[in-house]
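Subject: Handover of a structure and the findings from it

Dear colleague,

Please find below the sequence and the structure that I am passing on to you. I would be grateful if you kept the structure open while reading the notes that come after it.

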Amino acid sequence: MPSSIVILTGAGISAESGISTFRDPDGIWAKVDYREVATPQGFAADPARVHAFYNWRRKNVLSVEPNAAHLALARLESAFPGDVLLVTQNVDSLHERAGSRNLIHMHGQHDQALCNACGKRSAWAGEMSLESPCPACRGVGHMRPDVVWFGETPYQMERIQAALAGCDLFLSIGTSGNVYPAAGFVREARSAGARTVELNLEPSQGAGYFDEAEHGPATRVVPRFVERLLQRAP
Ligand code: BJW
């Protein structure tokens, strides 16, 4: 029975709530060039286009609800008699809306903004533009979505790496394993002696590093896995 669990989630866990993944055939990167909207260089070249892209996505998530997989992970956190850390690459707020509390958004959040002038983060709802003033310093023309683009450092890496070094079960859910450093977590957890489990629609890029895998939609495989784990808990 594990005593410390680290869970990594990606876009696949929110797919059945109605949020597009990135690399599936109908995913976001099939429609939009990531270099134009998800790099600091893209933002510098055309901030209005990047704001429009994130305004569209921020608006989309207002109409979606957490699904059975988000709810199962929240139940795991509250019912498991050990440590559960949820690390999500997703910028939606479906995990917290489902009830997860020990949660790290390593790639940022749709509902936050970052001021390039004063460096402060602020809660954000609605549209963001070059005309938006920073709620902290009141400067205009410096706001950006508080998301981690390619070439930027993901959030809370020290805390994540410490948790990976001390966990005995690592679960990877709904992520293709294309993007680092998240794609390397399975190897870090394995080196620390953890059992590694993948729950995904299909084998990910890192499939060979998992001790166990269940392939299927997250709303089916995640609740089933969580119930089995909780049944074994003392
Ligand atoms: C289902 C399902 C269902 C569908 N049920 N499953 C060469 C080698 C190694 C690394 C690099 C390299 N060149 C550059 C790098 C670094 C780069 C990188 O990894 N590039 C690769 C593409 C090669 N990484 C970075 O730049 C990162 N920063 C960094 O490395 O800093 C250095 C550093 C490291 C360590 C410590 C300190 C410093 C930053 C990466 C930022 C990524 N940003 C984005 C955008 C965020 C904002 C936004 O949302 O717009 O994050 S890109 C995008 O990809 C987004 C996601 O979080 C991320 C991961 O995608 P995810 O979640 O895996 O989605 P998909 O679509 O790929 O997969 C979905 C999966 O679900 C699929 O498998 C489906 O089958 C499955 N699925 N339906 C279950 N119903």
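This is a predicted model: local features need pLDDT of at least 70, side-chain atom pairs count only at pLDDT 80 or more; totals for chains, interfaces and linings use all residues.

**The interior**

In soluble globular proteins, nonpolar side chains tend to be buried together. The largest nonpolar core of this model has 23 residues. Within that core, the residues with the most contacts are I5, I7, L73, L76 and V222. Several elements give two or more residues to it, namely β1 (4-9), α6 (68-79), β2 (83-88), β7 (169-173), β8 (195-200) and α10 (218-232). Helix α10 supplies the largest share, seven residues.

Apart from neighbours within four places in sequence, I5 is in contact with L76, F80, D83, V84, L85, L169, L171 and L229. There is also a second, separate core of 18 residues, and V87, I104, M157 and F170 are among its members.

S4 lies in strand β1. What is the relative accessible area of S4, and is the residue buried or exposed? The value is 13%, and S4 is therefore buried, since buried means under 20%. When neighbours within four places in sequence are left aside, S4 is in contact with D83, G166, C167, D168 and L169.

**Salt bridges**

The count of salt bridges comes to ten. Three of them are described here.

E36 forms a salt bridge with R49, and the closest N and O atoms of this pair are 2.9 Å apart. Because E36 lies in helix α3 (residues 34-37) and R49 in helix α5 (residues 47-60), the pair ties together parts that are 13 residues apart in sequence. Both partners are partly exposed: E36 has a relative accessible area of 38%, and R49 one of 34%.

R97 forms a salt bridge with E65, with the closest N and O atoms 3.0 Å apart. This pair links distant parts of the chain, as R97 is in helix α7 (residues 94-98) and E65 is in the loop between α5 and α6, 32 residues apart. R97 is partly exposed, with a relative accessible area of 39%, whereas E65 counts as exposed at 51%.

E212 forms a salt bridge with R195, and here the closest N and O atoms are 2.3 Å apart. E212 lies in strand β9 (residues 212-215) and R195 in strand β8, so parts that are 17 residues apart in sequence are tied together. E212 counts as partly exposed at 27% relative accessibility, and R195 counts as partly exposed at 28%.

Rolling a probe the size of a water molecule over the atoms shows where empty space is left. The second largest pocket holds about 240 Å³ of space. Its lining consists of 16 residues, of which R58, V61, L62, H110 and D111 lie nearest the centre. Elements α5, α7 and β4 (108-115) each give two or more residues to this lining, and α5 gives the most, with three. By class, the lining has six nonpolar, four polar and six charged residues.

**Individual residues**

L114 is found in strand β4 and counts as buried at 12% relative accessibility. Which residues does L114 touch, not counting those up to four places away in sequence? They are G119, K120, R121, H142, M143, R144, P145, D146 and Y155. L114 and C134 are 20 residues apart in sequence, and their C-alpha atoms are 8.3 Å apart in space.

Most residues other than glycine have a negative phi, and most peptide bonds are trans. A cis peptide bond joins Y180 and P181, with omega about 5 degrees; P181 is in the loop between β7 and α9 (185-191). R138 has a positive phi, near 70 degrees. R138 is in the loop between β5 (121-123) and β6 (143-147), and is exposed, with a relative accessible area of 56%. Q156 likewise has a positive phi, near 55 degrees. Q156 is found in the loop between β6 and α8 (157-166), and is partly exposed, with a relative accessible area of 42%.

Yours sincerely,

A colleague

Definitions and conventions: Residues are numbered from 1 along each chain as its sequence is written. Side-chain values use heavy atoms; hydrogens and water are left out. A nonpolar core is a set of buried Ala, Val, Leu, Ile, Met, Phe, Trp, Tyr and Cys residues joined through side-chain atoms within 4.5 Å. Buried means under 20% relative accessible area, exposed over 50%, partly exposed in between (1.4 Å probe, protein chains only). Helices (H or I, at least four residues) and strands (E, at least two) are DSSP runs, numbered from the N terminus. Contact means heavy atoms within 4.5 Å. A salt bridge is a side-chain nitrogen of Lys or Arg within 4 Å of a carboxyl oxygen of Asp or Glu. On a 1 Å grid over the protein atoms alone, a cavity is a set of points where a 1.4 Å probe fits but cannot get out, and a pocket is an open set with protein on both sides within 12 Å along at least five of seven lines; lining residues have an atom within 4 Å of a point. Grid points are joined across faces, edges and corners, and a volume is the space filled by probe spheres set on the points. Ala, Val, Leu, Ile, Met, Phe, Trp, Tyr, Cys and Pro count as nonpolar, Asp, Glu, Lys and Arg as charged, and the others, Gly among them, as polar.
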